[in-house]
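Work through the exercises below with the model open. Try each task before you read its solution.

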2 protein chains.
Amino acid sequence: MTVNTSIYQEFSAELSDIEIITDIDRVTKLSLDYYHFSPILQSQLNDKKANLVVRPTTEADVIRVAKAGVNYKIPLTVRGAGTGNYGQCIPLEAGIILDLSKMNQIKWLKPGIACVEPGVKMAAFDKQAREIGWELRMAPSTYRTATIGGFIGGGSVGMGSMNYGQIKDRGNLHRVRLVTMEEQPQILELTGDDVQQVIHGYGTTGIITELEIPLAPAYPWQEIIVVFDDFMTAAQFGQALSDSAGIVKKLVSIHSAPIPSYFTALQPYLTQGKHCALLMVSEYDVAPLKDLVTEYGGTFTYSKTAAEAAKGTSLLEFTWNHTTLHARNIDPSFTYLQTFYFTLERVEKMYQHFGDEIAIHLEFLKAGGKAVPGGLQLFRFTTEERLQEIIEYHEANGAFIANPHVYTIEDGGDKQIDKDKVAFKQKIDPYGLLNPGKMRGFTL
Amino acid sequence: MTVNTSIYQEFSAELSDIEIITDIDRVTKLSLDYYHFSPILQSQLNDKKANLVVRPTTEADVIRVAKAGVNYKIPLTVRGAGTGNYGQCIPLEAGIILDLSKMNQIKWLKPGIACVEPGVKMAAFDKQAREIGWELRMAPSTYRTATIGGFIGGGSVGMGSMNYGQIKDRGNLHRVRLVTMEEQPQILELTGDDVQQVIHGYGTTGIITELEIPLAPAYPWQEIIVVFDDFMTAAQFGQALSDSAGIVKKLVSIHSAPIPSYFTALQPYLTQGKHCALLMVSEYDVAPLKDLVTEYGGTFTYSKTAAEAAKGTSLLEFTWNHTTLHARNIDPSFTYLQTFYFTLERVEKMYQHFGDEIAIHLEFLKAGGKAVPGGLQLFRFTTEERLQEIIEYHEANGAFIANPHVYTIEDGGDKQIDKDKVAFKQKIDPYGLLNPGKMRGFTL
Ligand SMILES: Cc1cc2nc3c(=O)[nH]c(=O)nc-3n(C[C@H](O)[C@H](O)[C@H](O)COP(=O)(O)OP(=O)(O)OC[C@H]3O[C@@H](n4cnc5c(N)ncnc54)[C@H](O)[C@@H]3O)c2cc1C
Ligand SMILES: Cc1cc2nc3c(=O)[nH]c(=O)nc-3n(C[C@H](O)[C@H](O)[C@H](O)COP(=O)(O)OP(=O)(O)OC[C@H]3O[C@@H](n4cnc5c(N)ncnc54)[C@H](O)[C@@H]3O)c2cc1C
């Protein structure tokens with residue numbers, strides 16, 4: 001794990017016209033993501049570091065890197081912005097970090113659809129897309145820094161999932177262009193259901209060099225905070241808003257007390273001991289939203305037009321996994337789970353069962369044709385056993401946990417080995433060099 | 001019921017600068033709607049006819065008509081295009097037809113929202129709105145001829161309801177301006193939940209002179225026919241498409257055999273004995289739709305881009321209640337029901353129970369946060385008793401029937417008297433002159 005082994009010297013010499021980073025501090029930084037949200041991953045991953053970072057700007061250079069990597073049998077871990085929250089781009093077996101953040105061209109942008117390189121940052125993309133009236137269908141709360149390639153490779157949901165579901169839902173990714181990790185790297189174009197091979201694949205199933213993505217019509221999104229006395233009323237309001245076909249929205253995020261107290265910058269709009277909803281609703285639909293808020297007895301405390309909101313920090317950056325970030329800024333012993341509750345009855349059951357131990361944070365999203373409550377609940381980490389008990393209690397009661405305390409694709413998902421993905425990987429990465437150790441189902 | 005009574009002469013003289021129609025043939029025609037789809041309404045309503053028709057072009061003139069109407073205590077029935085299918089604008093007690101089809105200005109049109117006069121035709125509106133990238137959130141299959149005021153006053157759902165639900169869902173109507181039927185007619189502005197007073201009110205709760213309506217982003221809608229061997233597979237496909245968050249659509253209409261054989265103009269694209277889906281899907285999402293069709297074993301037989309579709313008859317005109325129209329063109333003994341099945345299990349149960357007697361036609365729409373199968377099933381009318389049995393069997397099995405064989409608001413809906421609407425009517429129409437006989441809960 002030093003940059004001085006002869007293999008890496010030869011590799012670097014061959015690719016000397018491409019930006020290569022060997023400076024130990026920079027390599028260390030570029031070997032990190034946000035796995036430290038999990039105390040368990042923290043101890044498992046904190047010594048992992050690449051040997052060097054390569055930062056190509058063209059697909060032709062990506063092919064050269066892949067070819068050299070296979071030639072020297074060096075592990076290769078693709079990186080976008082490195083904002084993954086469960087070690088998606090930590091190089092378990094060292095090797096190269098293939099940093100694609102400089103491959104960031106929008107190839108074309110048309111109404112309804114765009115073609116981009118993987119390193120395009122999501123917020124930067126939207127800025128351009130909005131000029132023709134469109135925007136990304138969904139984006140994570142790391143929207144400002146995360147890349148589109150990284151979201152496809154390592155993310156799953158975010159703002160907009162209220163309308164368009166998860167990335168993996170058919171239709172949310174039209175085409176990807178992939179470089180394989182073979183002696184003679186090939187370029188594959190996947191379309192239709194085949195794109196599933198790379199979605200949430202952690203870069204184990206090929207290097208994405210181009211993506212064709214469907215867009216959503218861009219609305220001016222009003223950012224709104226509503227405060228509630230009672231948590232379950234706030235949750236019911238969240239469900240009702242999500243179910244209101246006549247009110248167009250993008251984000252419905254509900255936080256039980258004391259979570260609002262962790263949102264330092266929002267304190268003027270929040271009340272000690274109360275629960276809150278952070279919302280993005282079409283500016284055109286604020287009037288009917290107010291009627292709904294009245295029905296549920298909530299209090300509007302903050303309402304900014306899209307133009308006003310653009311001047312400051314978006315409420316998005318208090319939702320999804322950013323909620324965890326804010327809690328950890330207050331107390332680093334906070335950790336979290338990622339949960340599909342599916343129904344409010346289950347939310348209520350967990351709320352009552354865990355009491356003060358767990359602070360529930362809900363994000364509504366479309367799944368199976370319905371708006372369902374997901375969530376990233378917060379609690380102080382005590383022991384691994386207690387964490388396991390919490391997970392098991394949720395599962396025993398029918399919730400689905402996407403465990404963020406593990407680093408394999410399978411364990412962070414439904415625990416099943418995806419035979420198609422494994423077979424695909426066998427073909428395009430016969431030496432198992434792409435992000436090794438992340439796909440549990442794959443063996444050499 | 002002749003135009004020669006002195007009251008009508010005086011009334012006409014007072015308003016002689018407004019277009020008044022007294023020609024018996026024209027008055028007869030303008031006293032009609034499509035109630036004849038129901039053999040029961042046919043016999044109940046076929047002798048109903050107004051005394052004369054007034055066709056103002058300004059709100060000021062509407063006020064004068066209302067004032068004169070109250071003065072002479074003449075019943076007044078508002079009319080848009082007269083395409084209602086259960087006698088919504090049949091003047092049960094004769095009097096005046098207030099034809100607002102010439103009050104057809106778009107007052108303003110902005111991204112996301114528009115303000116129109118009631119007589120604006122829906123398709124004509126969309127033509128203009130699309131120039132700025134927007135369109136109506138929902139429209140009936142009578143889209144080409146029906147007016148916006150008439151849709152609000154007498155309609156309920158249509159294409160787009162897949163996304164935005166029913167007209168009555170909070171947020172789908174922002175504001176209405178109303179002229180009351182008092183000695184001194186007033187102008188009321190209803191906003192928020194108060195707009196419910198006029199939605200599906202059959203013009204009994206005031207004369208709408210202006211509407212502010214939220215819009216939907218305009219997509220180019222690809223028109224598609226898919227053919228299936230098995231009806232329940234077609235129905236499941238309809239549900240799956242409706243539930244596919246990643247595929248943007250506007251219309252999902254499923255027809256069991258032999259309904260497709262009634263679509264004369266579409267015969268080249270349909271197969272004897274098979275079942276079909278008539279769809280409007282975003283042009284950008286046709287590729288993922290194809291994967292879904294493959295999954296359900298359907299066959300694409302027709303696919304037109306929005307531009308191509310605009311040259312001919314839209315598939316819309318074979319869906320919703322237009323299906324009934326085509327069936328009746330083949331055999332006028334066909335009649336229909338309007339049904340919320342809510343679940344496919346119930347669809348299947350009815351399909352098996354009624355066999356050949358009833359041909360099921362489903363329209364998917366958003367209700368209570370879910371895409372649910374509604375439908376306008378077809379059958380040959382035999383007796384009133386058998387019709388009643390059919391309705392009761394559906395209701396006993398949990399379906400909801402919006403009975404199109406009755407002419408009161410209540411009986412065509414949930415049969416309950418809406419106390420708010422009645423109280424509102426008492427205030428704004430103290431003499432009960434607006435479309436008398438249509439609101440069962442109202443008594444003088
Ligand atoms: C505070 C916080 C909030 C978050 N909120 C959300 C959220 O709301 N929703 C959500 O889904 N996620 C969320 N995440 C996780 C993460 O930020 C997002 O998924 C983000 O989109 C990842 O993008 P990235 O560019 O940082 O990807 P990276 O972390 O760089 O990469 C992610 C994975 O994709 C692979 N990858 C990257 N580029 C390519 C490529 N070109 N070809 C093949 N594989 C590639 C990498 O190898 C890695 O396994 C959050 C994380 C944090 C820390
Ligand atoms: C073949 C066919 C298909 C149809 N498909 C659908 C469908 O898909 N969805 C659907 O919802 N309906 C449908 N309908 C019913 C009807 O066509 C629609 O509801 C249509 O929108 C009515 O508009 P209109 O201008 O014809 O209204 P009209 O029939 O003229 O009026 C309807 C009602 O509204 C009242 N009204 C009209 N203007 C005003 C006003 N300014 N102020 C107050 N009250 C007013 C009238 O008094 C009347 O009671 C269909 C009917 C037919 C015959």
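**Exercise 1.** How many residues surround ligand 2, and which are the closest?

*Solution.* Note that this is a predicted model. Start with the count: 35 residues surround ligand 2. Then list the closest: Val78(B), Gly80(B), Thr83(B), Thr147(B) and Val157(B). Next, sort the shell by class. It has 14 nonpolar, 20 polar and one charged residues.

**Exercise 2.** Find polar contacts to oxygen atoms of ligand 2, using a cut-off of 3.5 Å between N or O atoms.

*Solution.* Begin with a side chain. Thr147(B) places a polar side-chain atom 2.6 Å from an oxygen atom of ligand 2. Now turn to the backbone. Gly82(B) has a backbone N or O atom 2.8 Å from a ligand 2 oxygen. For Gly84(B), a polar backbone atom is 3.0 Å from an oxygen of ligand 2. Finish with the area: ligand 2 alone exposes 970 Å², and the protein buries 97% of that.

**Exercise 3.** Which elements give two or more residues to the shell around ligand 2?

*Solution.* In chain B they are strand E3 (76–79), helix H6 (148–154) and strand E10 (207–217). H6(B) supplies the largest share, five residues. Now check the domains. Domain 1 (106–217) and domain 2 (221–401) of chain B each give at least three residues to this shell.

**Exercise 4.** What rotation superposes chain A on chain B?

*Solution.* The rotation is 180 degrees, with 0.0 Å of shift along its axis and an RMSD of 0.0 Å. The two copies are therefore related as by a two-fold rotation axis. Locate the axis next: in chain A, the C-alpha of Lys370(A) comes closest, at 2.7 Å. Last, compare the interfaces. 100% of the interface residues of chain A are also interface residues in chain B, so the copies meet through the same surface.

Key: Residues numbered from 1 in each chain as written. Chains lettered and ligands numbered in written order. Predicted model: local features only at pLDDT ≥ 70, side-chain atom pairs only at ≥ 80, totals over all residues. Heavy atoms only, no water. Least-squares fit on C-alpha atoms with pLDDT ≥ 70 in both. Contact = heavy atoms within 4.5 Å. Near = heavy atom within 4 Å. Polar contact = N/O pair within 3.5 Å; in protein donor to acceptor, adjacent residues only side chain to side chain. Areas by Shrake-Rupley, 256 points an atom, 1.4 Å probe, with all protein chains shown as cover. Helix = DSSP H or I, 4+ residues; strand = E, 2+ residues; numbered from the N terminus. Nonpolar A, V, L, I, M, F, W, Y, C, P; charged D, E, K, R; others polar. Domains from an automatic or database assignment.
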